[in-house]
Amino acid sequence: CLGQSVGPLNSFLGKKLTAWVFQKAALVTVRDNQSRQLLEQLGVRIVTVLADPAYAIGYDQESFHKKNGYIVLSLREWMKGDQENINQELVKFIKWLKEEHNLKTIFIPFQENEQSDLQRYQALAKIMGETDYFSFRQTAENHQEAMDIIARADYVIGMRLHSIIFAVLNKRPFLALSYSTKVKDYVSTLGLDSWINYEEIDFENLKQKFQEIRGNYEQIEKTLEAKKLHFTYEFFKHEKLLKDLLNGIHS
């Protein structure tokens, strides 16, 4: 089990099944200390905290790092919270970004299936109507295109965990919309508090958080640069663990 986030586990059956699966694994790595602690409480031993496998991408296209006056927005379908109200509040925020800071919003999807991210874009676009404040770029089948768009952005507003990881890879200040503990737990590993609970989204808290990030832009960039280097180094520890595992299997 590689690069996992674990929890929350609220049911007896969920805890038992999770413990059973991870105890059967020959190797377990997780993305954050909270996941390690939870697995250890369930009786899983030898859990290693390492970086998400996405850090293997090692993206560093400096030619793309000129900011182009837009933010990237990543959303997914989710069953909790008042979706209609959340969409209305996000639209207010998108309009404010353009009118107050001249920042256009570009929506990029990270997944296409029965819970396609495209559904969230369509819901927002229906409220926005015809406007040049908001647009869509297809990236779900091409991570390189998503990386390139984020590299040229000023900020990332992300619900998908990997939109935040891509922001770190490109040293782009971000605001994470935490729909799961794995999102805020990951942000905490960066030493940042640039997240809000998805169910608590409203225009005022989005605006307040954004202003805090904007006011500390250069310091956040420096933090993300250091974390990018650290996590990239940490990821490659997976290589040794896997080699040791395979050598043990074949010996």
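This is a predicted model: local features need pLDDT of at least 70, side-chain atom pairs count only at pLDDT 80 or more; totals for chains, interfaces and linings use all residues.
Residues are numbered from 1 along each chain as its sequence is written, and side-chain values use heavy atoms, with hydrogens and water left out.

The structure holds 11 salt bridges, each a side-chain nitrogen of Lys or Arg within 4 Å of a carboxyl oxygen of Asp or Glu.

Glu 89 and Lys 92 pair up at 3.1 Å, N to O. Both sit in helix 3 (residues 83-101), 3 residues apart, or about one turn. Helices here are DSSP runs of H or I with at least four residues, strands are runs of E with at least two, and numbering goes from the N terminus. Glu 89 is buried at 10% relative accessibility, while Lys 92 is partly exposed at 44%. For those words, buried is under 20% relative accessible area, exposed is over 50%, and partly exposed is in between (1.4 Å probe, protein chains only).

Next, what does Lys 171 form with Glu 225? That is a salt bridge, with the closest N and O atoms 3.2 Å apart. Lys 171 is in the loop between helix 6 (161-169) and strand 7 (174-178) and Glu 225 is in helix 9 (residues 217-235), so the pair ties together parts 54 residues apart in sequence.

Finally, Asp 193 bridges to Lys 209 at 3.9 Å between the closest N and O atoms. Asp 193 is exposed at 52%, whereas Lys 209 is buried at 15%. Together with Glu 212, these two residues are linked in a network of salt bridges.
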